[in-house]
Amino acid sequence: MMPLVGKHCRIGRGVVLEGNCVLGNGVYVDKRARLKNCVVLPNTYIGKNVQMSDCVASSRGAVHISGEYSPAPSRCLLSSTRPNKEATTGLPRDIRKFTQA
């Protein structure tokens, strides 16, 4: 199956996406990373040479198919591509301007 890649994603040289991979909007997968059967949530950075399989990854860590949670060991390996509240909530920083009539 072909990987599903969201809008504004960056995929580095030598990256391998195997099996059923889904990359949310704004994901950056750095050089030589290898993902197999992974879902990467929006605005997540996957570092150089990282290898992940059978998991759901976010900027804070990954949940593996076994149910085990692994926090991000280093910001160089797994972090956010956006340094504000949008990165963790998925909502704009000032939601009021969108909700006012």
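At 37% relative accessibility, leucine 41 counts as partly exposed, a class that lies between buried (under 20% relative accessible area) and exposed (over 50%), computed with a 1.4 Å probe on protein chains only. Leucine 41 is placed in the loop between strand 6 (34-40) and strand 7. Strands here are DSSP runs of E with at least two residues, while helices are runs of H or I with at least four residues, and both are numbered from the N terminus.

Leucine 41 also belongs to a nonpolar surface patch, together with Met1, Leu4, Val22, Val39, Val56, Val63 and Tyr69. The patch has about 700 Å² of accessible area in total, with areas from the Shrake-Rupley method, a 1.4 Å probe and only the protein chains shown as cover for residues. Patch members have over 30% relative accessible area and no salt bridge; nonpolar side chains (Val, Leu, Ile, Met, Phe, Trp, Tyr) are joined within 5 Å, and like charges within 9 Å.

## Basis of the model

The model is predicted: local features need pLDDT of at least 70 and side-chain atom pairs count only at pLDDT 80 or more, whereas totals for chains, interfaces and linings use all residues. Residues are numbered from 1 along each chain as its sequence is written, and side-chain values use heavy atoms, with hydrogens and water left out.

## Overall make-up

The protein has two helices and 11 strands. Along the sequence their order is β-β-β-β-β-β-β-β-β-β-β-α-α. Of the 101 residues in the protein, 28% are buried.

## The tyrosine pair and arginine 10

One aromatic pair is present in the structure. Rings of Phe, Tyr and Trp (its six-membered ring) pair if their centres lie within 6.5 Å; planes under 30 degrees apart are stacked, those over 60 are edge-to-face, and the rest are tilted. The ring centres of tyrosine 28 and tyrosine 45 are 5.3 Å apart and the planes meet at 65°, so this pair is edge-to-face. Because tyrosine 28 is in strand 5 (residues 28-29) and tyrosine 45 is in strand 7 (residues 44-46), the pair ties together parts 17 residues apart in sequence.

Tyrosine 28 is partly exposed at 22% relative accessibility, whereas tyrosine 45 is buried at 14%. Tyrosine 28 has a further contact: the charged end of arginine 10 sits over its ring, 4.2 Å from the centre. For this, NZ of Lys or CZ of Arg must be within 6 Å of the ring centre and within 35 degrees of the ring normal.

## The salt bridge

Side chains of opposite charge can pair when their charged atoms come close. A salt bridge is a side-chain nitrogen of Lys or Arg within 4 Å of a carboxyl oxygen of Asp or Glu, and the whole structure holds one. Arginine 34 forms it with glutamate 18, and their closest N and O atoms are 3.1 Å apart. Arginine 34 lies in strand 6 and glutamate 18 in strand 3 (residues 16-18), so the pair ties together parts that are 16 residues apart in sequence.

Both ends are partly exposed: arginine 34 has a relative accessible area of 36%, and glutamate 18 has 27%.

## Two cysteines without a disulfide

A disulfide is a pair of cysteine sulfur atoms within 2.5 Å; by this rule the count is zero. The sulfur of cysteine 38 has its closest cysteine sulfur in cysteine 55, at 3.5 Å, which is too far for a bond. Cysteine 38 is buried at 1% relative accessible area, and cysteine 55 is buried at 4%.

## Backbone details

Histidine 8 has a phi near 60°, a positive value in a residue other than glycine. Histidine 8 lies in the loop between strand 1 and strand 2 (10-11) and is exposed, at 71% relative accessibility. Arginine 32 likewise has a positive phi near 60°. The loop between strand 5 and strand 6 holds arginine 32, which is partly exposed at 46%.

Methionine 2 is in the segment before strand 1 (4-5) and is exposed at 66% relative accessibility. From C-alpha to C-alpha, methionine 2 and leucine 17 are 8.7 Å apart in space, and they are 15 residues apart in sequence.
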